[in-house]
Amino acid sequence: MNNNASCRFCGGALAEFVDLGMSPLCESYVAKEQLNSMEPFYPLAAHVCRDCVLVQLQEYVGPENIFSEYAYFSSYSDAWLDHARRYVEAITERLGLGPASRIIELGSNDGYLLQYFVERGVPVLGIDPAANAARAAEQRGVPTLVKFFGIETARELAEGGIQADLVLGNNVLAQVTNLNSFVEGIGVILKPDGVCTIEFPHLLETIAGNQFDQIYHEHFSYFTALTAEKIFAAHDMRIFDVEELWTHGGSLRIYACHAGDATHPTEGSVSRLMRREREAGLHQLETYADFAERVRATKRKLLSFLIEAKSRGKSLAGYGAPGKGNTLLNYCGIRTDFLDYTVDRNPYKQGKYLPGTHIPIFPPEKIAQTKPDYVLILPWNLKDEITAQLAYIRDWDAKFVVPIPEVSVI
Ligand SMILES: [Zn+2]
C-alpha cells in the first residue's frame with residue numbers, strides 16, 4: 001500500500017482491513033473481440049482509518065473511468081423496483097410531498113426510482129455521471145443532469161434557485177471519492193427544513209455475514225451509522241432517524257437534516273442502532289482485524305464444494321452477473337473450469353464475458369436448455385426472488401448454491 005495514503009474523511013492513518021488480491025473493475029464486462037487483449041487489474045485491498053474507523057479503498061481507479069458508461073441498470077431487478085416504489089409511497093406520505101415539492105436524486109441511474117415521483121406529479125431532478133443511464137432516464141420522463149455531484153454542482157444548482165425538499169441517494173455515497181465535497185454539497189441543495197435520505201450497505205452486516213464481495217473498486221467507502229454520523233456532523237447536518245433494510249444483504253437508510261432544524265427531532269432509533277454497533281465493537285480498531293481470516297475461510301469452503309462437485313462429474317452454471325459476483329469469482333479463482341457460464345436478464349451484459357474470469361454471459365433461458373446440476377446464485381442477496389423465478393430447475397433435480405456467508409446448497 002501507498003504509505004502516504006490517508007483517510008478520505010478525516011486524513012487519519014490507515015490500517016489493513018482485508019486484501020482481496022488483484023481484480024479487474026467489476027463492471028467492465030468484456031466483449032468477444034476483447035478476449036485476446038490485456039485486461040487491467042488493480043489491487044483490491046480495503047483499509048480502516050485508525051482515527052475514525054471509516055473502512056475505505058484507496059482511489060486505485062478514478063471515478064471518471066468507472067461511472068461514465070455504467071452497465072448496472074437498476075430496472076432489471078423486480079425486487080429493486082419494488083423497493084423503490086415502496087420507498088416513494090412511504091416518504092411521500094411522511095414528508096407530505098406534492099406538486100409544490102422538489103426531489104433531487106444523486107446517482108439516479110436509469111430513473112428507476114424517480115419515475116414513481118413523476119407518476120405522482122412531483123417535480124424531480126436526477127443527477128448521474130453515466131450518460132447511457134441518463135438517456136434511459138430521460139426516456140422515462142426523468143430530467144437528468146449528467147454530472148458528478150459535489151460542492152461545485154451543488155452551488156451552481158443553489159445559485160440557480162434549485163433546492164430540494166428531499167435529497168436522496170441510494171448506494172451512491174459508497175461510490176464517492178471526495179466524500180467531504182459530496183456531503184457538504186447535500187447541505188447546500190437542501191432547503192432549510194429539507195430531508196436527505198441515504199442508503200448504503202451496512203458494514204455491520206458486511207462483517208457479520210462475511211460479505212466480502214460487497215468490496216469492489218466502485219465502492220470507495222463502507223459505512224456504519226457511527227461513521228455516517230461523524231461525516232454528516234462535520235458538515236452541519238444531523239441524522240435524525242435510521243431504518244435497517246434487507247437490500248444488498250443488509251443496508252441502512254439514514255434520514256438527515258440541517259443540524260439546527262427543529263422540525264425533525266432525533267428519533268430513538270439512532271441511539272439504539274449506534275449502541276448495537278458499539279456492542280459489536282465497530283467503534284474499535286481491533287474488531288476490524290479478524291475479518292480477513294474469516295474471508296479466507298469462506299473462500300476455502302466454497303472451493304472445497306466446487307472441487308468435490310466437479311470431481312463427481314457435476315455441471316454448474318451461474319445466475320446473475322452482478323458486480324459482487326466478480327469480486328467473489330476473481331478472489332476465489334473460479335473460471336470456466338468450475339462454472340460453465342452465467343446468465344443475466346440485462347441485455348447489455350448478454351453476449352459479453354465476466355471481467356477477469358471470462359465466464360460467458362447468456363440470457364436466462366440457457367439454464368433450461370443445458371439443465372446444469374447446480375446453479376450458483378451470485379446476487380445471493382436476491383436469492384428468494386431468484387429461487388422462485390428458477391423453481392423449474394427442480395424438474396431435473398438441480399439445486400441452488402449460495403456462496404455467502406458460507407457455501408450452502410438449497
Ligand atoms: Zn478517518
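Is Arg 296 buried, exposed or partly exposed, and what is its relative accessibility? Arg 296 comes out as partly exposed, at 40% relative accessibility. Keep in mind for every view below that this is a predicted model.

View 1. Opposite charges on side chains can pair when the charged atoms come close.

**View 2. Four cysteines hold the zinc ion.** The protein donors are the SG atoms of Cys 7, Cys 10, Cys 49 and Cys 52, and they sit 2.2 to 2.4 Å from the zinc ion. Along the sequence, the donor residues follow the spacing C-x2-C-x38-C-x2-C. That brings distant parts of the chain together: Cys 7 is in the segment before strand S1 (14-23), while Cys 49 is in strand S2 (residues 42-49), 42 residues apart. Why is the arrangement called tetrahedral? Because the four donor atoms subtend angles of 100 to 117° around the zinc ion, and the rule asks that all angles lie between 85 and 135 degrees. For reference, the ideal angle for four tetrahedral donors is 109.5 degrees. As for accessibility, Cys 7 is buried at 5%, and Cys 49 is buried at 0%.

**View 3. Asp 241 reaches Arg 94.** The whole structure contains 16 salt bridges, and this view shows one of them, with the closest N and O atoms of Asp 241 and Arg 94 being 3.0 Å apart. The partners come from distant parts of the chain, 147 residues apart: Asp 241 is in strand S10 (residues 237-245) and Arg 94 is in helix H1 (residues 78-95). Asp 241 is buried, with a relative accessible area of 9%, whereas Arg 94 is partly exposed at 37%.

View 4. Glu 199 and Arg 253 meet through their side chains, at 2.9 Å from N to O. Glu 199 lies in strand S8 (residues 190-201) and Arg 253 in strand S11 (residues 251-258), so this pair ties together parts that are 54 residues apart in sequence.

**View 5. A salt-bridge network.** In this close-up, Asp 82, Arg 85, Arg 86 and Glu 89 are linked to one another in a network of salt bridges.

View 6. Phe 17 sits in strand S1 and Tyr 288 in the loop between helix H8 (268-279) and H9, so the pair ties together parts that are 271 residues apart in sequence. Both of these residues are buried. Ring pairs also bring in Phe 291, giving a cluster of Phe 17, Tyr 288 and Phe 291.

**View 7. Phe 305 and Tyr 374, edge-to-face.** Both Phe 305 and Tyr 374 are buried. Their ring centres are 5.3 Å apart and their planes are at 80°, so the pair is edge-to-face. Phe 305 belongs to helix H9 and Tyr 374 to strand S15 (residues 374-377), which links distant parts of the chain, 69 residues apart.

**View 8. Lysines over tyrosine rings.** Lys 352 lies over the face of Tyr 348, 4.5 Å from the ring centre. In the other example, the charged end of Lys 366 sits over the ring of Tyr 341, at 5.7 Å from its centre.

**View 9. The largest nonpolar core.** This core has 46 residues, and those with the most contacts inside it are Phe 17, Val 18, Ile 215, Tyr 288 and Ile 334. Elements that each supply at least two residues include S1, S2, helix H6 (203-208), helix H10 (323-332) and strand S16 (399-402). Which element gives the largest share? That would be H9, with eight residues. In soluble globular proteins, nonpolar side chains tend to be buried together.

Technical notes
Residues numbered from 1 in each chain as written. Predicted model: local features only at pLDDT ≥ 70, side-chain atom pairs only at ≥ 80, totals over all residues. Heavy atoms only, no water. Donors = N, O, S within 2.8 Å, 3.2 Å for Na, K, Ca; no water. Tetrahedral: all angles 85-135°; square planar, octahedral: opposite > 155°, others 65-115°. Helix = DSSP H or I, 4+ residues; strand = E, 2+ residues; numbered from the N terminus. Buried < 20%, exposed > 50% of the residue type's maximum accessible area, 1.4 Å probe, protein only. Salt bridge = Lys/Arg side-chain N within 4 Å of Asp/Glu carboxyl O. Phe/Tyr/Trp six-rings, centres within 6.5 Å; stacked < 30°, edge-to-face > 60°. Lys NZ or Arg CZ within 6 Å of the ring centre and 35° of its normal. Core = buried A, V, L, I, M, F, W, Y, C linked by side-chain atoms within 4.5 Å.
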